[in-house]
Structures are given as C-alpha cells and as structure tokens.
Amino acid sequence: MPPERILQLNDVGVHFPTRDGLVKAVNGVSYHVNRGEVLGIVGESGSGKSVTARSIMRLLPKNAVDAGGSVQFRKRDGQEIVLSEQERLGKTMRSLRGGDIGMVFQEPMTALSPVHTIGTQIMRTVMLHQKVSKAQARQRAIELLTKVQMPRPNEIVDNYPHHLSGGMRQRAMIALALACDPCLLIADEPTTALDVTTEAQILELLKSLQQEMDMAIVFITHNFGVVADIADRIAVMYLGRVVETGTVDEIFYEPKHPYTQALLGSIPRLGKSHGKRLRTISGMVPDPYNVPSGCSFHPRCERAVAGVCNVRIPDVVHYASGQIARCHFPGTDLPDPDRMEAAQ
Ligand SMILES: Nc1ncnc2c1ncn2[C@@H]1O[C@H](COP(=O)(O)OP(=O)(O)OP(=O)(O)O)[C@@H](O)[C@H]1O
C-alpha cells in the first residue's frame with residue numbers, strides 16, 4: 001500500500017510587498033508529508049523554509065500576501081481538509097492549531113506566555129480541544145511534562161517559564177504542542193538556540209515521541225547533521241522554491257541538484273574531511289528583491305549553461321524512486337551537448 005499523505009502543499013506562494021520591492025518569499029512550493037514520517041526542510045537562511053511552514057497554519061506576518069496554491073491536510077480520523085484561504089482564516093484553522101497540528105519554534109517564548117504557569121498554559125490548550133474537567137486537564141499537563149522527560153513535573157507544572165532553563169522551556173513548549181495528540185508537528189529550528197548536549201537530548205526526545213505517537217514532523221533546520229539524524233525524507237529549498245526532494249540516503253549519497261551537491265560539499269565530515277579543503281558555494285544568496293532570471297541558482301552554479309539556465313525556469317524532473325530535482329541538467333555528470341540542445 002502506498003504511504004498515506006497527510007499534508008500536501010501544491011504550488012504555494014507567499015509574497016511580501018516592501019518599500020524596496022516585492023519579496024517572493026515562497027514561490028510555488030510543493031511538498032508532501034506521509035503519515036508518521038519526518039520531512040526535513042533544509043536550505044540557507046532566507047530560502048523560505050519558515051514562511052512556507054507558517055503558511056500551512058496561516059501564522060504569517062500582517063504584510064504577507066497569499067500568492068496562490070493550496071494546502072491539503074488529512075486529520076487523524078481520515079477527514080480531508082483543503083485549507084483554502086477562507087477556511088485557513090476561520091474556525092477550522094483554530095481547531096487544527098494546537099489540536100491536530102502542533103508547532104514548536106526556535107524560541108520557546110514565542111509560544112509560551114511569560115505571565116502564566118506552564119501548567120495553566122497546557123491546561124488551557126487541553127480544555128480548548130477536549131471536554132475534560134480542570135482537575136483532569138491538570139493531570140494531563142503533569143502527564144505531558146513527564147512524557148517530555150521534564151525533571152520534577154509535579155513541581156514544574158506550577159512554575160512560570162522564566163524559572164526554567166532553555167532546554168526545560170523547550171521541553172515545556174513540546175509538551176504544549178503535544179497536548180492534543182497531534183498527527184503533525186511543525187518544528188521550526190527547535191534546537192538551533194540550544195547547546196550541543198541539550199540539542200542532542202531534545203532531538204532524541206522528538207524522535208522517540210514521533211515513534212511512540214506515530215506523529216509526522218516537518219522539521220526545519222539549516223543543519224544537515226541534524227536533518228540526517230532525524231529525517232526520513234528531505235526537501236531542499238533555495239530562494240523560495242523546493243529544488244530537490246528525496247529520502248535521506250538519496251539526498252546524501254545521490255544528490256541530483258547542483259545546489260544540494262554544493263551544500264553537502266561545504267559541510268565538514270568526521271574522518272573524511274581531514275586534509276581536504278572544504279568547498280564553498282561561490283557567491284552569496286542573491287538579494288530577494290532581485291532574484292536572478294531563469295534558474296535562480298544559475299549565477300552560483302558550476303554547471304550552469306548560458307542560454308538555458310539564465311533564461312528558463314527549470315521544470316521538475318521526477319525519478320522512478322520518487323526523488324525530484326528542479327534543474328535543467330540534474331545528475332552527477334556534467335551536462336552533455338545532446339541534453340543541452342534538447343533543453344534549448
Ligand atoms: N514580514 C516580512 N516582510 C518582508 N519580508 C519578509 C518578512 N518575513 C520574511 N521575509 C522574507 O522572506 C524570505 C524568506 O524568509 P524565511 O524566514 O522563510 O527564510 P528561512 O529559510 O526560514 O530563513 P532562516 O533560516 O534564516 O529562518 C526572506 O527573504 C525574508 O527576508
């Protein structure tokens with residue numbers, strides 16, 4: 001049986017009109033998430049990872065403009081919801097947020113209120129989505145704090161966020177996100193601000209919760225090491241577009257897009273990089289107000305072919321395995337003249 005898709009983004013666009021010009025932060029993004037899998041989203045800063053994820057839940061800045069596309073979501077009970085513009089703003093969205101879909105962010109204080117105890121905040125979410133008494137909701141809060149391996153959960157439940165360390169706040173935010181047993185968790189750089197040891201602990205926790213709860217995760221990070229550790233599949237983003245999608249093995253061992261290849265070439269690998277010079281990606285991420293014509297990666301691409309890559313936006317190339325690359329000349333070989341001719 002093919003895996004069940006619980007989230008499908010089709011050609012989603014989000015633009016920001018600014019004084020300096022139009023920023024096409026998300027420019028026709030499509031990706032899907034299967035039930036119970038972890039999809040890692042990677043890409044340099046500004047590639048549109050966060051804005052895409054926030055567009056799923058309609059948690060966008062006020063100046064964001066919807067530039068089309070659709071988001072489909074299948075709830076745990078199998079009900080399919082098309083999160084069209086109207087629905088995204090209404091009651092459906094409110095019931096999904098914190099219910100079927102949970103969210104964790106890099107900075108816990110964006111999700112936690114500083115003026116309420118951890119327990120009160122979890123109890124409110126539980127009571128918003130489930131018919132339970134106050135005492136039952138408090139019991140559930142303690143259970144959730146135990147589940148996220150919070151030390152002294154019976155005590156912490158009555159603490160305010162400022163009493164907690166960074167790692168403990170992250171655990172509290174995860175407990176809040178899991179309050180209603182979501183089938184999808186959107187995790188936006190949840191470990192980036194933590195020290196390496198705490199980061200490893202939180203990743204382990206998310207992995208074990210994901211398996212235990214059969215929960216899918218969209219895990220956003222700029223760190224390939226982290227994504228290799230947690231993800232089943234990876235989507236690579238560049239300047240508002242998904243340029244490649246594949247399983248972790250496909251992305252690490254058979255990347256087809258020159259951008260993915262360049263990103264992987266620029267990370268140090270234990271044992272393998274010794275004595276070797278790391279590659280850097282030439283040039284800078286272009287200014288979002290002046291995105292290059294054609295394939296927006298072409299000015300930095302070692303394999304760009306003039307007359308093709310600077311002119312036409314590449315189509316998506318589908319491989320039999322399911323791997324996808326948006327490139328005129330995908331693959332590990334250099335572009336051959338026949339393919340160049342066919343593309344022109
Ligand atoms: N409120 C806003 N107004 C104008 N531009 C914005 C706004 N929010 C985001 N952007 C722009 O949208 C683009 C995508 O931003 P986004 O935060 O999604 O990138 P990202 O890949 O998540 O980066 P990072 O890893 O740094 O979080 C960037 O060019 C950013 O400057």
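This tour goes from the ligand shell to a helix pair and then to one further helix.

The model is predicted: local features need pLDDT of at least 70, side-chain atom pairs count only at pLDDT 80 or more, and totals for chains, interfaces and linings use all residues. Residue numbers start from 1 along each chain as its sequence is written.

Start with the ligand and select Phe16, Ala25, Ser45, Ser50 and Val51, which come nearest of the 16 residues around the ligand (near: C-beta atom, placed from the backbone, within 6 Å). Next colour β1 (5-18), β2 (21-34) and α1 (49-57), each of which supplies at least two shell residues; helices (H or I, at least four residues) and strands (E, at least two) are DSSP runs, numbered from the N terminus. The largest share, three residues, comes from α1.

Move to α4 (residues 118-129) and α5 (residues 134-147), which pack at an angle of about 115° with their axes 8 Å apart. Axes are lines fitted to C-alpha atoms, for helices over the stretch in contact, and angles run from 0 to 180 degrees between N-to-C directions. On the α4 side, select Gly119, Ile122, Met123, Val126 and Met127; they meet Lys134, Ala137, Arg138, Arg140, Ala141 and Leu144 in α5 (contact: C-beta atoms, placed from the backbone, within 7 Å).

Finish at α11 (residues 258-265), where Pro258, Tyr259, Thr260 and Leu263 are buried (20 or more other C-beta atoms within 10 Å of the residue's own, all placed from the backbone).

Notes. Two residues are in contact if their C-beta atoms, placed from the backbone, lie within 7 Å. A residue is buried if 20 or more other C-beta atoms lie within 10 Å of its own, exposed if 12 or fewer, and partly exposed in between; C-beta atoms are placed from the backbone.
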